[in-house]
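Hi,

Here is the structure we talked about. Please open it first, then read my notes below.

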Amino acid sequence: MKEKILQFLNRQSGFVSGQKICDALGVSRTAVWKCINSLKEEGYEIESVTRKGYRLLQSPDLLTRESVLSCLKDNIVPGELLCFSSIDSTNEEAKRRAGEGAPDGSVYIADRQTKGKGRRGKTWSSPPGQDIFFSILLRPDLPADCISMLTLVAAMAVAEAVDQVTGMSSQIKWPNDILLNQKKVCGILTEMNVEIDSDYYVVVGIGINVNRTEFDEEISFMAGSLKKESGKTINRASFLATVLSYFCKYYGMFHEKRDVSPFLENYNEKLVNRGHEVKLVRKGEEQIRTALGMNEKGELIVVDEQGRKEAVFSGEVSVRGIYGYV
Ligand code: BTN
């Protein structure tokens, strides 16, 4: 019930009368009053005025099931949505739950990860109370060669949500790092099960540096956060709800076409590597190419000094900047 009341208060910019809440939820005034008090104890600042009702002034920065659900405009999460105060890795949790039959479209969120995983076997620093770590479990009816494009769907969703909340213009380092002021603020790790005889699923894991301002020495040259780059402190539950709704939007577009053509132009506009020299690392060998843009299959088109073009696939190469991270 608390979640429903929060949803009411979140959707209303002014006061909402106690009676309106009672009627909509079919509960007594006392029950509403008790819930409001309990929300206040959790840190929600709620103004109560006689004959006007209740008004939400400020939400605490909690990453709970209640806070995330109350910020979602529609019922856009078709599966389960669970929040953990601490977990090894949300990707691992999503895989465990997938094995137990969790439904398509489930979302697993953590305030902190003790074994956060990055790409290429790296760790993903995941301290509590400031950032967002979550994984989306999908059971798509798509051919296997479409799966790597899910990462691009997620990148586009995060980039658009970042722009909305910061008022800045984020960029994407192909295939899936989101940058603000050339600093990495988000990483995405997509994993799929390859076991024969088990149901096929994909886990899209997303880590976003939201309010953190200090980074470990070895990543501080390249890492940023939404707060550090924009100066704004961001409410994580509300921001996560925005990311999830953009994910739904882009996933729907991608699913219909089975490629990234519906948002190719937007993606390429954000592509930080576009028109720049990049270092391709392929089977340990380095090659310098100029990146031209992404194609509708999600491959990066590059050109060599002789003008020969080639489309490279993210599973096959890693792209590095010539002088550093970008
Ligand atoms: C990268 O190296 O850029 C990818 C980082 C992905 C991190 C996220 S945080 C949520 C999910 N759980 C993990 O253990 N990793 C991903």
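**Ligand site**

Of the 20 residues around the ligand, five come nearest: Ser89, Gln113, Lys117, Arg119 and Lys184. Bear in mind that this is a predicted model.

Lysine 117 uses its backbone, with a polar atom 2.7 Å from a ligand oxygen. Lysine 184 goes back to the side chain, where an N or O atom is 2.7 Å from an oxygen atom of the ligand.

How much of the ligand's accessible area does the protein cover? On its own, the ligand has 420 Å² of accessible area, and the protein covers 97% of that. The space that the ligand takes is the largest pocket.

Which elements give two or more residues to the shell around the ligand? They are α5 (90-99), β5 (132-138), β8 (183-192) and β9 (202-208). β8 gives the most, with four residues.

Start with α6, residues 149-166. This helix has 18 residues. From first C-alpha to last it reaches 26 Å, close to the 26 Å expected at 1.5 Å a residue. α6 is mostly covered, with 15 of its 18 residues buried. Glycine 167 follows α6, and its phi is positive, near 75°.

Next is α8, residues 236-257. The end C-alpha atoms of α8 are 32 Å apart. Its 22 residues should span 32 Å at 1.5 Å a residue, so the two values agree.

Look at both ends of α8. Asparagine 235 caps the N-terminal end: a side-chain oxygen lies 3.3 Å from the backbone nitrogen of alanine 237. Just after α8, arginine 258 takes a positive phi of about 60°.

**A loop aspartate**

Last, find aspartate 304. This residue lies in the loop between β12 (300-303) and β13 (309-312). Is aspartate 304 buried or exposed? Its relative accessible area is 12%, and buried means under 20%, so aspartate 304 counts as buried.

Best wishes

How values were computed
Residues numbered from 1 in each chain as written. Predicted model: local features only at pLDDT ≥ 70, side-chain atom pairs only at ≥ 80, totals over all residues. Heavy atoms only, no water. Expected span 1.5 Å × (residues − 1). Buried < 20%, exposed > 50% of the residue type's maximum accessible area, 1.4 Å probe, protein only. Near = heavy atom within 4 Å. Polar contact = N/O pair within 3.5 Å; in protein donor to acceptor, adjacent residues only side chain to side chain. Areas by Shrake-Rupley, 256 points an atom, 1.4 Å probe, with all protein chains shown as cover. 1 Å grid on protein atoms, 1.4 Å probe; cavity = no way out; pocket = protein on both sides within 12 Å on 5 of 7 lines; lining within 4 Å. Sits in = over half its atoms within 2 Å of the grid points.
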